[in-house]
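Please read them with the model open.

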Amino acid sequence: MSYRSSWMNDDLDIFRETFRRYLSTTLSPWAQKWRADKMIDKEAWLALGEMGALCPDMPEEYGGLGGTFAHVAAVIEDLEYELPEMALPVAVHNAIVAQYVLHFGSHEQKQRWIPGLASGQLIGAIAMTEPGGGSDLRALRTRATREGNAYALNGSKTFITNGQIADLVIVAAKTDLEQGTKGISLLMVEADGSDGFRRGKNLDKIGMHASDTSELFFDNAFVPAENLLGGQEGQGFYQMMELLPKERLAIAVSAVASMERMVQITTDYAKERNAFGKPILEFQNTAFVLAERKSETLIARVFLDWCIERAIRGELDQVAASIAKYWTTDKQCETADECLQLHGGYGYMDEYEIGRRYVDARIQRIYGGTNEIMKLLIARSL
Ligand SMILES: Cc1cc2nc3c(=O)[nH]c(=O)nc-3n(C[C@H](O)[C@H](O)[C@H](O)COP(=O)(O)OP(=O)(O)OC[C@H]3O[C@@H](n4cnc5c(N)ncnc54)[C@H](O)[C@@H]3O)c2cc1C
């Protein structure tokens, strides 16, 4: 039985074949070093830019490939298969940061930032979460006060992916304390030109070791008024609500790709590993566990592809994206647990891919809106 995603085409096949070969031969050998450094080398970002894997759906006039969300999904999938260390950092960059600039930026803002994001000269991050809370975006406390032609930004953010290396950070802040959601704006902080902006230490995590995660501090940080995304105050909450479905779909894309990979490597392992004189795949329990996981993975894939098609047409809604994010990441964690079990003690060793995928999977149910928040959003549609 073979299945091909409906959104795939010949051009994407050619792009992906070259891209995957490059990842497996040239970049993957660095993964272990990045995990130890808790950071990905900037050269790897530039290499992805050269390959056309950064901002592939951005218009060519801004340095992108002029593709669609199919390209964004393909890049996340291929990273998840070949170089999972870069899947999250690049998803944040491609499926979140660049999307905000393209959808809400003025022509001048797009010209200023998208070419750098596409080449890898600029690495993007988005800072919504604060130490006081991440689920309740309305309650954020970072404040931007207009002073002449600039904003003074005060507050702090935490758990920010790419926080150590980002050149361009989208910061959600209150520009009007009197207003609730209408008082939130998105400011583009350029790390180089912003006095008062400071990065905290690279946080220690239980997984996702190559992806840096940081606190960010703003102490009267200087942000020129022209860096207000879209040029109008009070739009931030609505901008986030519009693009969060795409962010959640990107998480589902990596969840399903990881499930596919885990089923594949575990099947290979079960064919090679012997116990009681035969390959462990010949035990009915092993075969049934893998049969169940293969079934769920294919079911997840078909629903994911339906969502990707909608995203390509610009029709992905909040509820479908929430279902995709919650269900696929739950299934990813279950698959990781079952597949690790079939590896026995080796599964618990850091040098085995399945062990790393097991710990890396856990965060997927938390960021991008926790799975409880996803259920809340789905429940509102009942
Ligand atoms: C590795 C990593 C990378 C991240 N990257 C980024 C990033 O790049 N940018 C960014 O802005 N943030 C990022 N985050 C933050 C992430 O999005 C938040 O951790 C997440 O949104 C949850 O917020 P919180 O941690 O404050 O938990 P809380 O909001 O305090 O939630 C705690 C618990 O309460 C539950 N809960 C809260 N409200 C409700 C409710 N109404 N009903 C039911 N249950 C509820 C939650 O589901 C959760 O189980 C990252 C986090 C990690 C760990």
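Which helix gives the largest share of the lining of the largest cavity? The answer is in point 2.

1. Ground rules. This is a predicted model, where local features need pLDDT of at least 70, side-chain atom pairs count only at pLDDT 80 or more, and totals for chains, interfaces and linings use all residues. Residues are numbered from 1 along each chain as its sequence is written, and side-chain values use heavy atoms, with hydrogens and water left out.

2. The cavity. Helix α10 (residues 353–362) gives the largest share of the lining, 3 residues. Helices here are DSSP runs of H or I, at least four residues, and strands are runs of E, at least two, numbered from the N terminus. A cavity is a set of points on a 1 Å grid over the protein atoms alone where a 1.4 Å probe fits but cannot get out; lining residues have an atom within 4 Å of a point. The search finds 1 cavity of 30 Å³ or more. The volume of the largest cavity is about 90 Å³.

3. Its lining. Among the residues that line the largest cavity are R35, E85, H209, D350 and R356. By class, the lining has 4 nonpolar, 2 polar and 5 charged residues. Asp, Glu, Lys and Arg count as charged; Ala, Val, Leu, Ile, Met, Phe, Trp, Tyr, Cys and Pro as nonpolar; the others, Gly among them, as polar.

4. The ligand shell. The ligand is surrounded by 19 residues, with T129, G134, S135, T370 and E372 the closest. Near means a heavy atom within 4 Å. The shell divides into 10 nonpolar, 7 polar and 2 charged residues. Domain 2 (126–234) and domain 3 (238–379) both give residues to this shell, so the ligand lies between them. Domain bounds come from an automatic or database assignment.

5. Ligand atom pairs. An oxygen atom of the ligand lies 2.6 Å from a polar side-chain atom of S135. A nitrogen atom of the ligand is 2.8 Å from a polar side-chain atom of T161. For F159, a polar backbone atom is 2.8 Å from a ligand nitrogen. The cut-off for a polar contact is a pair of N or O atoms within 3.5 Å.

6. The second largest pocket. This pocket holds about 680 Å³ of space. A pocket is an open set of grid points with protein on both sides within 12 Å along at least five of seven lines. Its lining has 22 residues; Y3, Y81, E260, T297 and R301 lie nearest the centre. Domain 1 (10–122) and domain 3 (238–379) both contribute to the lining, so the pocket lies between them.

Key
A polar contact is a pair of N or O atoms within 3.5 Å; within protein, one must be able to donate a hydrogen and the other to accept it, and residues adjacent in sequence count only if both atoms are side-chain atoms. Grid points are joined across faces, edges and corners, and a volume is the space filled by probe spheres set on the points.
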